[in-house]
Amino acid sequence: MANASYGQFCPVAMAAEILCTRWTIVLVRELAAGSTRFNDLRRGVPRMSPALLSQRLKDLEAAGIVSRAPVARESGVFDYRLTRAGLELAPVVEAFGVWGKRWIDGDLSLERLDVQLLMWDMRRGLVLDPMPDRKVIVQFRYAELPADRRSWWLVVEPGEETQLCSVDPGAEVDLYVSADLKTMTAIWMGYDTLAEAALERRLLLTGDDALSKSIESWLGLSPFAKTKPVAA
């Protein structure tokens, strides 16, 4: 980062030297959302190479924005967490997102589809309280995608972290959700609704009737879904 200096004393320029390198703000977004392990961070930034992710974490640690601590009884595994300085960036990152949702054409966003990122975000966006007090498996299927990226499973168990699987977990599925990736992304981002997609048969729900009827209560949406775009 030192080689990218703007040569200005202005605090905006000083902050930009740290935060405006490629992927840095997106990585801070993922840390602010709660990911702490290297592999979890990779799932939140799936197009970022492991080598660059490692370098950016080192840069953020050197800048005092991230702290790194070894995980007990897991050799070579570290927890990465935002420091006090890093936590102060959370509203900055949120403001980036709000601005982007308001001012960037939604059609442009929906040209940049990424099933892995969508499912990872949906995993942590689930609202668990409305779900049954038992193990629940929801399978999402995107028929137009290649076979190895077509099916995804969310495994929800009381008292456990929700798991995202791209390989069949080998247990009975409670609810099947079928849609094309653009439709599901539009729903997640607040450009479309579950009700409209279901009515127009762009979204199909098969399986547990109670889960199907309550999907609007437990399928959390993007933190920016309620931000309304500025009219053109």
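The entries below start with the ground rules and then go through the sheet, the helix pairs and a few single residues.

**Ground rules**

I'm working from a predicted model, where local features need pLDDT of at least 70 and side-chain atom pairs count only at pLDDT 80 or more, while totals for chains, interfaces and linings use all residues. Residues are numbered from 1 along each chain as its sequence is written, and side-chain values use heavy atoms, with hydrogens and water left out.

My helices (H or I, at least four residues) and strands (E, at least two) are DSSP runs, numbered from the N terminus.

**Entry 1: the sheet**

In what order do the strands of the open sheet sit? I read β5-β4-β3-β6-β7, 5 strands with mixed pairing. Two strands count as paired if DSSP finds at least two bridges between them. At the edges I found β5 (163–165) and β7, each of which pairs on one side only. On average, neighbouring strands here are turned by 20° against each other, direction ignored. For angles like that, axes are lines fitted to C-alpha atoms (for helices over the stretch in contact), and angles run from 0 to 180 degrees between N-to-C directions.

**Entry 2: strand by strand**

I began at β4 and β5, which pair in the antiparallel sense over 3 bridges. W153 stands opposite C165 in β5. The two strands make a hairpin with 6 residues between them, and G159 in the turn has a positive phi of about 80°.

Next came β3 (residues 136–141), joined to β4 (residues 151–156) by 6 bridges, and these two run antiparallel. I noted two of the facing residues: V136 is opposite V156 in β4, and I137 is opposite V155 in β4.

On to β6 (residues 175–179). β3 pairs with β6 in the parallel sense over 4 bridges, and Q139 stands opposite Y176 in β6. β6 is also joined to β7 (residues 203–207), by 5 bridges, and that pair runs antiparallel. Y176 turns up again here, with T206 as its bridge partner in β7.

How many residues of β4 are buried? I got 6 of its 6. For the record, buried means under 20% relative accessible area, exposed means over 50%, and partly exposed is in between (1.4 Å probe, protein chains only). S151, W153 and V155 point one way from β4, W152, L154 and V156 point the other way, and all are buried.

β6 gave me another picture: L175, V177 and A179 make up a covered face, while Y176 and S178 are on the uncovered one.

The axes of α8 (residues 115–125) and α10 (residues 181–189) come within 11 Å and cross at roughly 40°. That makes α8 oblique to α10. My cut-offs: under 35 degrees is roughly parallel, over 145 roughly antiparallel, 65 to 115 roughly perpendicular, and the rest oblique.

Which residues make the contact? On α8 they are V115, L118, D121, M122 and G125, and on α10 they are L181, M184, T185 and W188. Contact means heavy atoms within 4.5 Å. Sorted by class, I have 6 nonpolar, 2 polar and 1 charged residues. (Ala, Val, Leu, Ile, Met, Phe, Trp, Tyr, Cys and Pro count as nonpolar, Asp, Glu, Lys and Arg as charged, and the others, Gly among them, as polar.)

**Entry 3: α2 and α4**

The axes of α2 (residues 24–32) and α4 (residues 50–62) come within 11 Å and cross at roughly 80°. α2 and α4 are therefore roughly perpendicular to each other. T24, L27, V28 and L31 in α2 meet L53, R56, L57 and L60 in α4. By class, that contact has 6 nonpolar, 1 polar and 1 charged residues.

W23 lies in the loop between α1 and α2. Its phi is near 80°, a positive value in a residue other than glycine.

R201 isn't a glycine either, yet has a positive phi of about 65°. I found R201 in the loop between α11 (194–199) and β7. Is R201 buried or exposed? R201 is exposed, with a relative accessible area of 62%.

Last, I looked up M14, which is found in α1 (residues 11–19). M14 is partly exposed, at a relative accessible area of 44%.
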